Every structure is written in structure tokens, then in C-alpha cells.
Amino acid sequence: MYSKATIAFSPETAMDFFSLAAAGVLALLAIFTFAVLIRISSRRRYKFPPVAGTVFHQLYYFRRIYDYQTEISQKHKTFRLLSPDSCQHIYTTDPAILEYVLKTNFLNYGKGWYNYEILKDMFGDGIFAVDGDKWRHQRKLASFGFSTKALRDFSGVIFKSNAAKLAHVFSSYATSNEKFDIQDLFMKSTMDSIFRIGFGVELNCLDGSGRHGIEFAEAFDAGNELIVIRYLNPFWKIVRYLNIGSEATLKMKIKLVDKYLYELISIRIQQLSSIGNKSSNKEDILSKFIEESIKDPERMTLQYLRDIVLNFVIAGKDTTAGTLSWFFYLICKNPHVQEKIYKEVKEAIEADEDVTFDAFSSSINDESLHKMHYLHAALSETLRIFPPAAMVIKDSKVCFSDDILPGGYNVRKGDIVYYQPYAMGRMEYLWGKDAESFCPERWLDDNGIFQPENPYKFPAFQAGPRICLGKEFAYRQMKIFAAVLVRFFKFKLSDEKKVVQYKVTTTLLINEEEGSNGGGGLGDGEEDSETDPESDLEYVPGDQSEDDDLELTQIRNELKVAKENKKEKLKNVKLHKDLETVIKEATLDKEKRRKRKSKEAVVNISYARE
Ligand code: HEM
């Protein structure tokens, strides 16, 4: 049985009810106001860098993006660009922030999903794209590889031999007094070097005989240029989904790169299994990783090997080729520096006046390289002004949990901190009033001994636990190349007035296609009285018979390629003709191509900021 409860509303109880309700509403209002006040006051405690534009400005200024960033950095050490995504994009030139992000709180900053998603299609799970265990694993294996004497000796031999090969090519241009695109030759030569050292394979890009290698190199370079667009276009995923424009081309290029790499790795695995435990022919980096993959097959799949090796090509090719190209541009602009380097090289490597390229190159050793402080300084100065890894790709760190940067700026989980080596090299507050001048002397003490810089002020190789693994390797290669070439040639720009622009790719390269006439910067302003404006190079005679051999080898190689790929080449080379006629034709054809190239490829080695 249920008892009925009756609630009787008397006027008093009704009053009580309404006053209680009113009190409740008032209390809620008070709590809400209190909460809002707390939020406002705590927001006031947050400090963010000043907003200096939007990420769309970067797209607008794409072709001169580094100068755009430099101009803003001159006003703000640290600033923000607004973006439609929810995270903050923070840019800095402040060494204290770099040290904090790259070292002090290293574990809280990394490539993150942001970089990984952008890079994955091309870089895969290679060292440049990953964090955590995958990074640690590759870093450990690669550090071990780089520290071995065997790799040092092996790479030294390759660098010296490729420097001499390059000298032969330069010599043929010099004798015919032709202009040439120095960056193109460096790109081919460093590609040959990194492939030989990385994978034990002779690619022959420089002499033009390795057709597959050249196709790979072209696809690789194009892929590197296209992937950068993703950093600047917030809608790249839609473009990829629709498979149009740059994304469609990128997909095609990656397919070509993959095809070549998978073939190469399979061949190398077969070769290694056939040579067994013999230590010869296993000095290359890929062999070391393949050996590891046998111990750890689950982790180190074929795809993982592909990613690892591709990242080494990315690391070692364009960076050194780009630096060498800018270096030669800068020493052309500053002939007194070129002269000093020439003298230093001659003192460090004693040789007869008529020494051949090959003999001179192979006589270079660690001791002579260590003596070249001025050359080391000039290369470092080049890296300060034109750091090859200037692009956001290599210089952005994603924040993993809320933090406060030096200077008191708040960063939240998912925000991105970019450091800017290109802008940093131009900051007067870091380098003094002559920040924009090319002055190798700033790296030397009173006795002419090279003085390294704080890596957080000079982050061309990054700094902290993820500092470039190939730094010493790169300096050695660049010093060998520069020493051999400056010893035998005197370099001049084909057009002193041409204004060179950089190309925005994953690496800071000279843009061969773009340029205009105007005053070039970064020179010493002195006229070189010996300069002959008609010629690019002044040649110090070398051994001509060696050059002739090279010419013939090149023609023979061209013929070999033509035979291998009849379908494509039959148009140009008629295989039914006798060998003599073919060689004659190939020579003429080669001459024509050279002349055409020299007309088209005006060397864009001059530079001025807009
Ligand atoms: C002038 C030449 C070079 C410059 C300026 C340079 C610069 C850099 C920079 C800025 C990074 C950091 C990239 C990032 O975190 O995404 C890096 C990383 C790296 N570099 Fe270099 N590099 C050069 C040459 C080389 C060479 C020749 C090799 C080897 C063949 C090499 C191997 C590496 C590797 C393996 C890493 C990854 C390190 C890691 O993430 O732990 N680099 N380099």
C-alpha cells in the first residue's frame, strides 16, 4: 500500500522556494564570473611571440622566402605566422631558443606528425622523417658506420678520384673556353660519390654514361623540389587526394625513385650473399645495413632499407654540391680569397708544377687537409651565408607538450618552432655590422687557426643530439674538391652582372634558370685587373692526353648506352654505320649539345638580395 503525500503550498513556503532559487542563480552567476575572471587573468599570463604575417605570405613570397623571413627577423628575433591550422608557427633566430629546443629540452621537440606526414611519401621512415626508437636505431647504426676507419679511408679514395675526374671535365671546358654550369657538375659528381660510398655502385652521372643513374637522379631532384610545396600549401592533402598538379608529378617521381632503389638493394643483397664473409667490396654504408638486417629481419625490411639509403642520398648529395657551388660563386666575387686559398693549398700539398690532376689529388692526406685553416674558414663562411639546409624541412621542431621557451613565450602541444639558419647568418646582432659580407677571417684567430662557432648561433649542421652525422665527412669532401680545383684553375664568373637567385628546394641551391642583370652582392668591390670578361676560367695546363682519353671514353659510353636502348637512341645514332662514322657523329653531336648548353646555361653565379 502506498501512502499519499500531499504537498500543500502555503504563501510562506512559496516565498522560501523563490528566494532559494534566486540565491542559486546568483551563486551560479558569481561562480561563472569568477571562472571567466580567472581565465582572463591566466590568459594575460600567457605570452606569445608577435604576429608578423600569415603562412600564406610565405606562399606569396615563395621564390624569395628566406629573404622574406630575414626581413621579418630583422624586426623580431622571434615571431609568429598565423595559419588556418590550430597550431602556432613560431620562427626564431634566437640562439637561446635553439639551444633549448635542440638540446636542453630535446625530448619535448621532434619531427612530429606534422613533418612525418609531409615527408613520409618520399623519405619513408628514414632518419630525416622519424623520432623516437626509429631515429635512435638508425642514428646508432649510422654513427658506428661513420666512425670506422674503413669508411673514412674508403670515402677518401672516392672523393680524391672524383675530384680528379671533375678537374678533367673542367679542363676540357677551359681549353675550349666555354661557359659551364658549375652546380650541375657538382650535383653529378656528389651523386656519384654518395652512391659509391653509400651503396658500392658506380652511377657515372658526371661522365653521362649511366643512363639509369641519371634517370634516378632527375626523379630524385624533382621529388625533392616538389615535396617542399607541401610545407607552404596548407591544402596539399586535397591536391594529393585529387592526384593533380605537383602532387601527381611527385607521385610519379617517387615511383621512379623506388623502382631504382629496390632494384639496387636486391642486387646488392645478392652480391653480398655471393661474396660471403670476404671483407672486400663491403665498405659501403648499404652493406653495413644489409648485414644488420640479417640480424634483425623483422624491423629491417626491404622498405626500411630503401628509406635508410634514400635518406643518406638526401643528406649527402645536394648539401655538399650546393655548398661547393656557393663557395665558388663567393670566391669569384672575392678574388683575393681565391688567391689566398690557392697559396694555402700549394703550401699544404707540395707538388711539382707539372703534376697531373690525378697525382695531385691522390697525394692529399688528412695531415695536409688539417693544415688548410683558411679553406676551412672560407667553407664555413659559405655555410653561414648560404646554409644548404635552410629549408623549413630540416629546421622545424614540433612541440610534444606545453612548454615555455627562453624569453617567456608559451608553446602548446602541436605548435611548431622553426629556426632559421639563413636569416641567422644575416643578423647583425649575431655577427656584427659586416654580417652580410663574405669574410673567412672571422673564423680565424690571430695565428690563422680555425675557431669553431657555437652551433646554436651557426646551426648549418643543426646542433644537439641530432647534429649532422656527416659533418666531418662533408668538410673532407668539400676540402678535397676545392683544393684540387683551386690548385689547377682560376675561376671567374661568366657574367659579373648577373643576379643569382636561389632555388627553393629541400636544399638551398643556385637557381640556374632564373636571374637578371644587376649588381651582384657579397664581393669585395675590387676590380680584378686580370679578369678577362670573355672567359670563365683561366687554365693552368694539365696533362692533355688524359683529357683525350676521357673524351673517347665518354663517346664510347654514349655508344654503349645507345646500343642498350636502341629504341630511344636509334633516332640519333644509326647503329648500322661502321664504328668510325659513329664515333665521328657522336663527337659532332656532343659538340653541338655542348655549344647549345653553353648558350642556354648562362652561369647564374652572382647574387643580390632583392
Ligand atoms: C655541407 C654539408 C651538410 C650540411 C650543411 C648538413 C646539414 C645537416 C642538417 C641541418 C641536419 C639536420 C636535419 C634534420 O634534422 O632534419 C643534418 C642531419 C644529418 N646529416 Fe647532414 N649535412 C651535410 C652533409 C652530410 C653528409 C655528407 C652526410 C652523410 C653522407 C650527412 C648525414 C646526415 C645524417 C645521417 C643526418 C641525420 C641526423 C639525425 O637526424 O640524427 N650530412 N645534416
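Let's start with the space. The ligand takes up the largest cavity. Keep in mind that this is a predicted model.

Which elements give two or more residues to the shell around the ligand? They are α6 (132-147), α13 (302-316), α14 (318-333) and α21.

Now the residues. There are 25 residues around the ligand. Which of them come nearest? Lys 111, Trp 135, Arg 139, Gln 462 and Cys 468 do.

Next, the polar side chains. Take Trp 135. An N or O atom in the side chain of Trp 135 is 2.7 Å from an oxygen atom of the ligand. Then Gln 462. A polar atom in the side chain of Gln 462 lies 2.7 Å from an oxygen atom of the ligand. Arg 466 also has a polar side-chain atom by a ligand oxygen, 3.0 Å away.

Where does Cys 468 sit in the chain? Look at the loop between α20 (428-431) and α21 (471-488). Cys 468 is in that loop.

Is Cys 468 buried, exposed or partly exposed? Its relative accessibility is 33%. Buried means under 20%, and exposed means over 50%. So Cys 468 counts as partly exposed.

One last point, from the record. UniProt lists Cys 468 under "binding site", in an unreviewed entry.

Note on methods
Residues numbered from 1 in each chain as written. Predicted model: local features only at pLDDT ≥ 70, side-chain atom pairs only at ≥ 80, totals over all residues. Heavy atoms only, no water. UniProt positions renumbered as here; feature names shortened; annotations may be inferred. Helix = DSSP H or I, 4+ residues; strand = E, 2+ residues; numbered from the N terminus. Buried < 20%, exposed > 50% of the residue type's maximum accessible area, 1.4 Å probe, protein only. Near = heavy atom within 4 Å. Polar contact = N/O pair within 3.5 Å; in protein donor to acceptor, adjacent residues only side chain to side chain. 1 Å grid on protein atoms, 1.4 Å probe; cavity = no way out; pocket = protein on both sides within 12 Å on 5 of 7 lines; lining within 4 Å. Sits in = over half its atoms within 2 Å of the grid points.
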